[in-house]
Amino acid sequence: MSPSDQFQAIVIGSGQGGNPLCLALANAGLRTALIEHKHVGGTCVNEGCTPTKTMLASARVAYLAGRGADYGVHTGDIRIDMERVRKRKRDIVDAFRTRNEEGMRHTANLELICGEASFTSPKSVLVKLRDGGERVLTGERIFINAGARPAVPAIDGLKDVDFLDSTSIMELDEVPEHLIVLGGGYVGLEFAQMFRRFGSHVTIVQSGGQLLWGEDADVAGGVAAILKQDGIEVLLNTRATSVLKQGTHICLTVRIEMNNETRDLDGTHLLVATGRTPNTDTLNVSAAGIAIGKRGFIQVNSKLETNVPGVFALGDIKGGPAFTHISYDDFRILRTNLIEKGSASTDGRMVPSTLFIDPQLGRIGITESEARAQNKKVRVARMPMTSVARALETDETRGFMKAIVDAETNQILGAAVLGIEGGEIMSMLEIAMMGKLPYSALLNATLAHPTLAESLNNLFLNFDS
């Protein structure tokens, strides 16, 4: 084997964990290969956070323009230019991607290899190069950051229609007349509200009894109420059984079962947002003896080590919370343990999240339901956004705030903020939890007026009796 194909570290996948990891390894003096089969930056930059939040910004402008009269501003007719929305999204993605790729190519000790990797042994991978040809690389350590992709459920007729997923829907050059969304999780809800604001009729089909599986019922209900207020049809306890392609203006029909009855939904576009599946099927992990779970995710311990010595997994491919910030924290753990010779793990890691509907839902820590199930003695603070001065001033009063407090220690155990900039307010609560501040520290804090942050003073005056 040529010395040029021998590396001290190989990173498979240029995601939000793999990118900083390969830079850290290279900067530590290790000869490192980064293998990426598609685009530098992974899901977040190319098909996830960056493009979706860019398009959501366009949708919010459309929403505010439609509400102009509420603020004494008359805007006239509103027209959505989807080609311009798409171009704006593409331009921002290209800028992020190019910046990332240039950084890789100008880093000493790092080689960016464009191609698809698969294991041939625990210490070697075969790379089918994008431009043709193959290379076999060996690595003293191998890090798998190959991510996940939209799952395709087993529904009769689905593969016979041109359904959309979370990537292809952002390439539409026209506003769907009637968008049917299968799935009531983060992806489905963000796109549902986005396209409703662009002018589509939207129907959400959710198999469970509430949106957002695992969330408290009152929070999930609050989200559903907001979406319904926006004109979105939300069907719960509803299962799609088949999809039929049509040849008329109605492009497809989704047959659903709801309340023991069958109903047909006619639509022009279908978004499938029912989860994600890991990209382990092309990695030939069996050749390396790497253990995977029933759903195909790579099994790791709290230090992100697989069952094979010297092989690690980070990001979405290992299962668990599929968030960019979790992938980045995976990188921190590996950097601490392997480069800085420290001892870090995923044990006790906080998992914040923000659902970017409008208003946002920020979530941190345990839910009220989880606290009750664990027989914890808790107090629950609640406050509607109609009691927040800044929300009233901006006429953005939908939603509420909720915090779970340990009744014995006064520590904040969790919170949900469904309201304007809910993710930012949630982050303040997370920082308080990180610092182990009692809730009274926020209750009595001197916070600038009139800010959304100031609402935390009043939140903790409103415990359930």
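**Reading the surface**

Tutor: Let's start with one side chain: Leu64 is partly exposed, with a relative accessible area of 31%. Keep in mind that this is a predicted model.

Student: Where does Leu64 lie?

Tutor: Leu64 sits in helix α3, which covers residues 49-66.

Student: How do I read a nonpolar patch, and which residues make the one here?

Tutor: In general, a residue needs over 30% relative accessible area to join a patch, and nonpolar side chains are linked within 5 Å. Leu64 has a relative accessible area of 31%, so it passes that cut-off of over 30%. In this structure, Leu64 teams up with Tyr71 and Val73 in a nonpolar surface patch of about 240 Å².

Student: And charge? Which residues gather in a patch of negative charge?

Tutor: For charges, like is joined with like within 9 Å. Here the surface has a negative patch formed by Asp81, Glu83, Asp173 and Glu174. Take Glu174 as one of them: its relative accessible area is 45%, so it is partly exposed. You'll find Glu174 in the loop between β6 (148-150) and β7 (178-182).

Student: Now the cysteines. How many disulfides does a search of the whole structure find?

Tutor: The test is a pair of cysteine sulfur atoms within 2.5 Å. Searching the whole structure turns up zero disulfides. Cys114, for instance, is in no disulfide, and the nearest cysteine sulfur, that of Cys22, is 12 Å away.

Student: Is Cys114 buried or partly exposed?

Tutor: Cys114 is partly exposed, at 22% relative accessible area. Cys251 is also partly exposed, with a value of 32%.

Definitions and conventions: Residues are numbered from 1 along each chain as its sequence is written. This is a predicted model: local features need pLDDT of at least 70, side-chain atom pairs count only at pLDDT 80 or more; totals for chains, interfaces and linings use all residues. Side-chain values use heavy atoms; hydrogens and water are left out. Buried means under 20% relative accessible area, exposed over 50%, partly exposed in between (1.4 Å probe, protein chains only). Accessible areas come from the Shrake-Rupley method with a 1.4 Å probe; for residues, only the protein chains shown count as cover. A salt bridge is a side-chain nitrogen of Lys or Arg within 4 Å of a carboxyl oxygen of Asp or Glu. Lys and Arg count as positive and Asp and Glu as negative; His and the chain ends are not counted. The place of a charge is taken as NZ of Lys, CZ of Arg, CG of Asp or CD of Glu. Helices (H or I, at least four residues) and strands (E, at least two) are DSSP runs, numbered from the N terminus.
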